[in-house]
Amino acid sequence: MKILVCMKQVPQKDAPLKLNESGQWIREDVSYEVNEPDAYALEEALRQKEKHGGEVVVITSGPARAQQVLREGLAKGADRAIHLEDNAFVGFDALNTARAFAAAIKDEKFDLVFTGLQSDDYGYAQTGVILAELLGWPHATIIMQIEKNDGGIRVKRELEAGYFQFVDMPLPAVLTIQSGINKLRYATLIGIKQAKNKPLRKVTLAEVQPSLGDNLQKVERLYIPQKTKKTETLEGPAGEIAKKLVDKLRNEARVI
Amino acid sequence: MPDTILVVVEQREGKLNRVSWETIAAGQALAKETGWTPEAAVVGSGVANFANEVAAKRVAKVYAVESPKLEPYTPDAFAAGLKQFIESKQPKIVLMPHTYQVRDFVPKLATALGRTAISDCIGYKKEGAKLLFTRQMFQGKLAADVSFNCDAPWFVTFQNGAFRGDQAEAGTNAAPVETVNVQIADGVVRNKPQEVFKEAKQAVDLTQAEIIVSVGRGIKEQKNIELAKQLAEALGGEIAASRPICDSGWLPMDRQIGSSGQTVAPKLYLALGISGAIQHIVGMKGSRTIIAVNKDSEAPIFEIADYAVVGNLFEIVPPLIEEVKKAKAGG
């Protein structure tokens with residue numbers, strides 16, 4: 001099976017974020033990492049390849065720094081990478097991102113496209129589903145298991161509140177992958193070494209521009225959310241905090 | 001024709017999803033602000049009874065959008081059926097709850113119509129003639145006001161708990177119900193869904209717990225779970241966790257709180273090393289008292305905490321266990 005994995009570079013989970021001057025985005029000088037569900041999507045693609053053979057290709061869009069997620073993907077075992085490299089991609093809405101990906105892979109023949117179920121920065125949870133619509137392929141979201149069968153694949157969808165559902169679907173298809181579908185591997189030293197020699201195709205903004213349109217939604221402003229609840233901060237040495245907490249548990253929460 | 005707000009409510013497994021009332025309340029509030037007419041739609045096969053239930057609320061009309069192909073749910077059928085319906089009715093704005101089902105089809109539907117959906121919103125603002133929808137970004141650390149940069153119909157999904165379902169107003173008379181049969185051609189539906197099931201029976205019902213001690217990534221290692229368990233035991237509560245902990249297998253899946261796990265509202269929710277991603281918050285924000293311990297002072301969990309302790313949980317928890325034991329012993 002030939003599998004494309006869409007990956008995104010996002011700010012690290014505990015990175016302190018600062019607003020930029022326009023107030024519409026964050027300052028770029030933070031530490032980045034692979035969007036967590038995308039890491040699971042990559043792992044699942046590698047496992048499928050190990051079982052059925054084929055090829056795993058990783059793709060991302062963003063400035064030069066975003067190449068790091070592709071390097072990590074290659075080091076873990078992906079065969080090659082595609083980098084849509086331009087600062088402008090950072091400000092794309094989900095539709096334009098999907099359009100750019102669709103344009104970049106128009107000459108390829110994938111059986112499956114994986115994305116993480118959502119990104120930790122925008123959190124749209126839309127790019128994968130939109131990509132399926134643009135490609136004219138079926139899709140399924142929040143996937144926890146993938147088995148090949150005669151007609152295509154059987155996937156396990158996670159529903160809310162502990163429910164699940166198996167879905168049979170033909171290939172090619174787009175799947176959005178849930179965190180926890182598998183156990184992540186670490187890149188080996190050999191893998192990291194080999195990654196340096198694996199092909200990485202760069203795609204410019206100009207190449208995909210004819211397929212793009214205006215962003216259909218616009219972030220007018222970004223800000224620190226207003227607190228809706230009155231929070232009391234407890235400070236001091238650990239022992240004192242423990243005493244204060246017990247006082248709150250007894251007299252305010254009334255659970256002791 | 002006046003501008004309309006179309007609320008698409010959710011039914012599944014023969015039940016109206018309760019979050020639908022929140023979206024109705026959102027539609028009614030937006031109607032007051034804009035002067036647009038609120039309408040509702042139920043999508044499926046044989047959904048007249050749901051339409052009648054929704055018609056008791058103050059909406060101008062309820063549509064039962066029907067096709068045998070809409071049962072069981074598939075994204076192909078829902079996108080095709082709703083596309084047809086929305087093209088014929090041309091609502092100004094379409095509101096839906098941000099459920100797993102809606103997430104599965106709404107981006108496809110909006111794209112098929114050449115439009116966009118602003119997803120997982122927690123509210124809206126009207127500034128002059130402009131409507132802005134507020135959504136959380138960066139796992140809730142920041143919020144954004146987002147506007148549409150395209151013609152109607154606009155699609156918006158609202159996060160669970162963004163509006164209060166009990167504030168959906170009843171109408172003076174039942175709203176008229178109209179059945180709209182949509183045509184979905186053979187071959188449109190490509191997925192074959194099987195029965196919905198629950199993985200092994202839930203061993204623990206956390207919804208009944210009065211005290212929950214919950215752990216997140218900040219617990220660092222599996223062996224440290226023991227510390228949290230000791231605190232839960234001292235308090236007479238249950239141990240629970242955020243998703244990454246259960247994904248790692250450090251606690252079983254039935255201990256998971258959040259959108260993919262259980263939704264709880266105990267008397268006390270004590271969050272240890274939980275940053276408070278949106279998916280976790282929606283599962284516990286109804287708790288009566290929330291205590292959060294986290295080393296990151298910007299962790300979103302502090303936004304909803306009653307008591308915040310910014311610090312190292314490994315320093316705070318041991319003395320806390322001792323103090324709780326002392327207090328319980330009548331000290």
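Visitor: Which residue in β12(B) does Gln165(A) stand opposite?
Guide: This is a predicted model. In it, β9(A) pairs with strand β12 of chain B, residues 192-198, in the antiparallel sense over five bridges. Within β12(B), the residue that stands opposite Gln165(A) is Val196(B).

Visitor: How many residues of chain B are in contact with chain A, and which element gives the largest share of the side of chain A that touches chain B?
Guide: The contact involves 71 residues of chain A and 74 residues of chain B. On the side of chain A, the elements that give two or more residues are α3 (94-104), α4 (127-135), β7 (139-148), β9 (163-170), β12 (217-223), β13 (232-233) and α7 (238-251). The largest share, 10 residues, comes from α7(A).

Visitor: How many residues on the side of chain A that touches chain B are nonpolar?
Guide: Sorted by class, that side of chain A has 20 charged and 13 polar residues. The number of nonpolar residues there is 38.

Visitor: Which residue in the turn between β8(B) and β9(B) has a positive phi?
Guide: β8(B) and β9(B) run antiparallel and are joined by five bridges, with Phe133(B) opposite Val146(B). The two strands form a hairpin with four residues between them. The residue in the turn with a positive phi, about 50 degrees, is Phe138(B).

Visitor: Why are α4(A) and α4(B) described as oblique to each other?
Guide: α4(A) packs with helix α4 of chain B, residues 100-112, their axes lying 8 Å apart at an angle of about 45 degrees. The crossing is right-handed. The contact is made by Val129(A), Ile130(A), Ala132(A), Glu133(A) and Leu134(A) with Pro107(B), Lys108(B), Thr111(B) and Ala112(B). Angles of 65 to 115 degrees count as roughly perpendicular and those under 35 as roughly parallel, so α4(A) and α4(B) are oblique.

Visitor: How does α3(A) lie relative to α4(A)?
Guide: The axes of α3(A) and α4(A) are 9 Å apart and the helices pack at an angle of about 50 degrees, with a right-handed crossing. The residues of their contact divide into nine nonpolar, two polar and one charged. The angle of about 50 degrees makes α3(A), relative to α4(A), oblique.

Visitor: Which residue is the bridge partner of Asn294(B) in β17(B)?
Guide: Strand β16 of chain B, residues 289-294, and strand β17 of chain B, residues 307-310, run parallel and are joined by four bridges. Both belong to an open sheet of six strands with parallel pairing, in the order β13(A)-β17(B)-β16(B)-β15(B)-β13(B)-β14(B). The bridge partner of Asn294(B) in β17(B) is Val310(B).

Visitor: How many Å separate the centres of domain 1 and domain 2 of chain B?
Guide: The domain assignment of chain B gives domain 1 as 4-181 and domain 2 as 206-328. Seven residues from domain 1 of chain B and nine residues from domain 2 of chain B make the contact. Taken over C-alpha atoms, the separation of the two centres is 34 Å.

Note on methods:
Residues numbered from 1 in each chain as written. Chains lettered and ligands numbered in written order. Predicted model: local features only at pLDDT ≥ 70, side-chain atom pairs only at ≥ 80, totals over all residues. Contact = placed C-beta atoms within 7 Å. Nonpolar A, V, L, I, M, F, W, Y, C, P; charged D, E, K, R; others polar. Pairing = 2+ DSSP bridges. Domains from an automatic or database assignment. Axes fitted to C-alpha atoms, helices over the stretch in contact; angles between N-to-C directions. Parallel < 35°, antiparallel > 145°, perpendicular 65-115°, else oblique. Left-handed = near helix turned anticlockwise from the far one by under 90°.
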